[in-house]
Amino acid sequence: MFKKIWTPDMIRDIILSTNGKEPLNSHYFSTTYPQVYAAAERLFGSWGNAITASGLDYNTIRKYRVWNRMRIVAAIKKRYDNGEPLSCKQVQNTCKTLYMASIHHFKSWGRAIKMAGLDYDSIRIRRSMTEDQIHDEIRNLYNAGEDLAYPNMRKNHQYLLAYGMKKLGSGSWAKARRTCGITENFRLPKRKRPKRKPL
């Protein structure tokens, strides 16, 4: 079996072809492509030097180093408060640096979610909700007398809000409610609302 002979040009080609598609920080490359990483260290003296020799700014690539557990937890909570998706696949697609930092510091995305005080099981379940399931959950909240105004939904039911807007309302929570047959004014305090007739 022949040992692959690496050259500086080969390393630069790999870095440039990977740029924008996968992370280029040292932790990711050393664990995902250990042979490339080792060759880069040998040929350039360090992974950072290899990145620089490829014409890229390593200071922007080594972002994962500024992450710590507290910042990761804060970023997860912020995404949660904003109603942004938190499933493993969606975060990898939309915020790769947060995902990689979580793996680095917590060993798994699920553990990072738990450290943020969130229930990862419910997050994993909700990512596969069908339109019928979304209808049912919204109607169940309605029948239970829950405040379905946008502010309350964002505060207490972010994922149902996000999925309802995406799958039922074309970006509108009001339209999602109407799709479920709910049309009354949700800005009224609960104590002033008339008794609801179940849907």
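Helices here are DSSP runs of H or I with at least four residues, strands are E runs of at least two, and both are numbered from the N terminus.

**Ground rules.** I am working on a predicted model, where local features need pLDDT of at least 70, side-chain atom pairs count only at pLDDT 80 or more, and totals for chains, interfaces and linings use all residues. Residues are numbered from 1 along each chain as its sequence is written, and side-chain values use heavy atoms, with hydrogens and water left out.

**Overall make-up.** I counted 14 helices and 0 strands in the chain. I then looked up burial (buried is under 20% relative accessible area, exposed over 50%, partly exposed in between, with a 1.4 Å probe and protein chains only). Of the 199 residues, 39% count as buried. The chain exposes about 12,100 Å², and carbon and sulfur atoms supply 51% of that. These areas come from the Shrake-Rupley method with a 1.4 Å probe; for residues, only the protein chains shown count as cover. For contacts I took heavy atoms within 4.5 Å. Among contacts between residues at least 6 apart in sequence, 56% join residues at least 24 apart.

Leaving out neighbours within four places in sequence, I find aspartate 81 in contact with Arg154 and Gln158. I also checked aspartate 81 against tyrosine 159: they are 78 residues apart in sequence, yet 9.7 Å apart in space, C-alpha to C-alpha. Gln158 and Tyr159 are both on the list of buried residues in α13, which also includes Leu160, Leu161 and Met165. Why do I call helix α13 (residues 158-168) largely enclosed by the rest of the structure? Because 8 of its 11 residues are buried. After α13 comes serine 170, and its phi is positive, near 50°.

**Salt bridges.** I looked for a side-chain nitrogen of Lys or Arg within 4 Å of a carboxyl oxygen of Asp or Glu. How many salt bridges does a search of the whole structure find? It finds 2. One joins aspartate 9 to arginine 12, with the closest N and O atoms 2.5 Å apart. Both lie in helix α1 (residues 8-18), 3 residues apart, about one turn of the helix. An α-helix has 3.6 residues a turn, so residues three or four places apart point the same way. Aspartate 9 is partly exposed at 47% relative accessibility, and arginine 12 is partly exposed at 23%. In another, the side chains of arginine 79 and glutamate 84 meet at 3.5 Å, N to O. Arginine 79 is buried at 9%, whereas glutamate 84 is partly exposed at 30%.

**Serine 54.** Buried or exposed, I wondered about serine 54? It counts as buried, because its relative accessibility is 9%. Serine 54 lies in the loop between α4 (47-53) and α5 (58-61). Not counting residues up to four places away in sequence, serine 54 touches Arg12, Ile15 and Leu16.

**Charge on the surface.** Arg69, Lys107, Arg111 and Lys114 gather in a surface patch of positive charge. Patch members have over 30% relative accessible area and no salt bridge, with like charges joined within 9 Å. Lysine 114 lies in helix α9 (residues 109-115), and I noted it as exposed, with a relative accessible area of 59%.

Notes: Patches are made of residues with over 30% relative accessible area and no salt bridge: like charges are joined within 9 Å, nonpolar side chains (Val, Leu, Ile, Met, Phe, Trp, Tyr) within 5 Å. Lys and Arg count as positive and Asp and Glu as negative; His and the chain ends are not counted. The place of a charge is taken as NZ of Lys, CZ of Arg, CG of Asp or CD of Glu.
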